[in-house]
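Please look through the sequence and the model shown here before reading on.

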Amino acid sequence: MHAGITGITTYNLELMLDALHITTLHAAANAQWHDPAAPLPAPANALERLVLEQHRANFDLWHREDAARDPMAADQAIAAVKRAIDKLNQRRNDLTERIDLALLEAVPQDSEAPLHSETPGLMIDRLSILALKIFHTEEETRRAGAGEEHHRRNRERLALLGEQRDDLAGCLGALWAEVQAGRRRFKLYRQLKMYNDPALNPVLYARPGAAAK
C-alpha cells in the first residue's frame, strides 16, 4: 500500500473503484444539483472528489450547450456561451486525465500486459454523460404538457440508456479487476486540445500583431 500523487492509497482504490458506486454518485449529484434539497453523499476520498468534479464539468457543459441551441438568443449571448463551453470542455478533459493519473500512480502497470485502448477515466467520463442523459430523459417521461406518445418514446429511450450505462459500468469494473491483477494495462492519453491554445489555433496566431511563440 502506497500513497499516490493525490493522496489516494492502493488499498483505498481497491475498495473504492466500484463502477456501480460511481453511477450512484453521478445520479445523486444530478438530483442535488437540480434540487438543492436532494441529498448528496459527501465524497469518501480523493478519487470520489475527482469523479464528482469531473461530473460537475459535464453537468455545466450540458446546460451551457442547451443555452447555445436557443434560436432566440442574441449573437453576443451565443458567443459568450461558446467561450464558456470551450473552457468547460477543457476542464472536463483535464479532470478526466487527473482521474487516470491518480489510478496509474496508485496501481503499478505491468508493461507486459495487453494494452487497453480506453482508460478508466474516459469510461468514467462516458458514464457521466450517460447519467445526464438518463436524468433528463426521465424528466421527459413525465413532462407536463407533453403527450403520451412523447412520454412513451422517452420511456423506451430511458430503458436503452439504462442498459448502456449498466453495460459500461460492468466493463469498467472488469477492466479495473484486470488491471489490479496485472492482466491488462492502460496508459494516460493526453487530449492535447488545440483550439484553446493561441499558439496552435490559426485563427488566433494569424491575427496581425499576434506574438509568435
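## A loop residue, a helix pair and a buried histidine

Arg142 is found in the loop that runs between α5 (120-140) and α6 (148-180), where helices (H or I, at least four residues) and strands (E, at least two) are DSSP runs, numbered from the N terminus. This is a predicted model, in which local features need pLDDT of at least 70 and side-chain atom pairs count only at pLDDT 80 or more, while totals for chains, interfaces and linings use all residues. Residues are numbered from 1 along each chain as its sequence is written, and side-chain values use heavy atoms, with hydrogens and water left out.

Arg142 counts as exposed because its relative accessibility is 53%; buried means under 20% relative accessible area, exposed over 50%, and partly exposed in between (1.4 Å probe, protein chains only). The two residues Arg142 and Asn154 are twelve residues apart in sequence, and their C-alpha atoms are 9.1 Å apart in space.

His55, by contrast, has its place in helix α3 (residues 46-68), and it counts as buried because its relative accessibility is 0%. Leaving aside neighbours within four places in sequence, His55 is in contact (heavy atoms within 4.5 Å) with His26, Ala29, Asn30, Trp33, Ser128, Ala131 and Leu132.

The table sets out two side-chain distances.

| Side chain | Partner | Distance |
|---|---|---|
| Arg142 | side chain of Glu138 | 2.8 Å |

How do the axes of α2 and α5 cross? The axes of helix α2 (residues 19-34) and α5 come within 9 Å and cross at roughly 45°, the axes being lines fitted to C-alpha atoms, for helices over the stretch in contact, with angles that run from 0 to 180 degrees between N-to-C directions. The contact is made by Ile22, Thr23, His26, Asn30, Ala31 and His34 of α2, together with Ile124, Leu127, Ser128, Ala131, Leu132, Phe135 and His136 of α5. By class, this contact of α2 with α5 has seven nonpolar, six polar and no charged residues, where Ala, Val, Leu, Ile, Met, Phe, Trp, Tyr, Cys and Pro count as nonpolar, Asp, Glu, Lys and Arg as charged, and the others, Gly among them, as polar.

Taken as a whole, the secondary structure of the protein chain comes to seven helices and zero strands. Of its 213 residues, 38% count as buried. Among contacts in the protein chain between residues at least 6 apart in sequence, 73% join residues at least 24 apart.

Note on methods:
Polar contact = N/O pair within 3.5 Å; in protein donor to acceptor, adjacent residues only side chain to side chain.
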